[in-house]
Amino acid sequence: MRTKIIAGNWKMYKDLAGTTELIAGLTSRIAASPARATVVVCPPFTSLALASTLLKGSPVRLGAQNMSQHDEGAFTGEISWNMLRAAGCEYVILGHSERRQYYGEKDELINAKAKKAIASSLRPIICVGETLAEREQGITDRVVSTQIRGVLSGLSRSDMSSVVVAYEPVWAIGTGKTATPAQAQEVHQMIRKLISQLYDWPTADATVIQYGGSVKPDNAAELLSQNDIDGALVGGACLKPDSFMSIISAAK
Ligand code: PGA
C-alpha cells in the first residue's frame with residue numbers, strides 16, 4: 001500500500017507574516033483531525049527556516065520549490081541542497097511546468113537536480129505533464145513518456161524509493177480546468193507501467209504518483225480514489241487552511 005502524499009506548492013505567495021498565519025491555520029486543523037496522508041508544505045525559500053521552526057512537533061513535512069544541481073559556488077540567485085537541508089526541508093519540487101516554461105528547464109537539468117536531491121537525502125517531487133496543444137494532438141503519452149525517461153535517466157531502483165512523480169497537465173494548472181479522474185488515471189497508469197518497464201513491477205508499484213492541476217476540495221476525493229493516483233500537488237487551494245485541509249481529508 002502506498003501512503004498518499006498531499007503537497008502544497010505555495011509558489012511565489014506568502015511573506016513571513018503570511019507564512020506564520022497559514023502554518024498556524026494548518027497545524028491547528030491537523031492537530032484536531034489527524035491526516036491519513038503525508039502532508040508537505042512548500043513555501044518560498046525566504047519562509048523555509050521560519051516554517052521549519054513553526055512546524056516543530058507537527059506531522060507536516062517541509063519542502064522547497066526548486067534547487068540547484070550544484071553543491072555550491074558562484075551561482076548568483078541559486079539555492080543548494082545543503083541550504084535546503086539546513087532549513088529543515090525533506091522534499092523538493094523539481095521541474096514544475098512553470099520552471100520549464102518561464103526558466104527554460106529541460107528534462108536533462110531536472111534529471112541532474114533529481115540526482116543531486118537523492119544523493120542529499122531530499123525526496124524530489126518530479127513534475128511532468130503535457131500542454132493543451134500536445135493533448136489536442138493526441139501525443140500526451142509520448143510527451144509524458146519522454147519526460148519520464150529523461151527525468152529518471154540513470155536513477156537506480158534504490159534511488160526510485162525516494163522519488164515522487166507529479167503528473168500535472170499544464171493546461172490544468174491554475175486554470176480551474178481539471179483532468180477528469182478517468183483522464184488522470186489513464187496517464188498515471190501509463191506512467192506506472194513505464195516505470196515497471198524501466199525498473200520492475202515492485203518499484204513501479206511502490207512509486208508515489210501525485211496528480212496536480214486545479215485540485216480543489218470539490219474534486220479531490222474523486223481524483224484521489226483512482227487506483228494510480230497517490231496524492232496531490234496543490235497550488236491555489238493550498239493557500240487557505242480550510243481548502244487545503246479538506247483536500248488532505250479527502251485522502252483515505
Ligand atoms: P493549481 O497548481 O492547483 O493552482 O492548479 C498546481 C501546481 O502548479 O502545482
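Entry 1, conventions. Two strands pair if DSSP finds at least two bridges between them, and I take strands (E, at least two residues) and helices (H or I, at least four) as DSSP runs numbered from the N terminus. The model is predicted, with local features needing pLDDT of at least 70 and side-chain atom pairs counting only at pLDDT 80 or more, while totals for chains, interfaces and linings use all residues. Residues are numbered from 1 along each chain as its sequence is written, and side-chain values use heavy atoms, with hydrogens and water left out.

Entry 2, strand β4. I looked up the neighbours of β4 and found that strand β3 (residues 61-64) runs parallel to β4 and is joined to it by two bridges, with Gly-63 opposite Tyr-91. Strand β5 (residues 123-128) is also parallel to β4, through four bridges, and there Arg-123 is the bridge partner of Tyr-91.

I then checked the two faces of β4 (residues 91-94), where Tyr-91 and Ile-93 on one side and Val-92 and Leu-94 on the other are all buried, that is, under 20% relative accessible area with a 1.4 Å probe and protein chains only.

I listed 13 residues around the ligand, the closest being Lys-11, His-96, Glu-168, Gly-174 and Ser-214; a residue counts as near if one of its heavy atoms lies within 4 Å. For polar contacts, pairs of N or O atoms within 3.5 Å, I noted a polar side-chain atom of Glu-168 at 2.6 Å from a ligand oxygen atom. A backbone N or O atom of Gly-236 lies 2.8 Å from an oxygen atom of the ligand.

Note on methods: A polar contact is a pair of N or O atoms within 3.5 Å; within protein, one must be able to donate a hydrogen and the other to accept it, and residues adjacent in sequence count only if both atoms are side-chain atoms. Buried means under 20% relative accessible area, exposed over 50%, partly exposed in between (1.4 Å probe, protein chains only).
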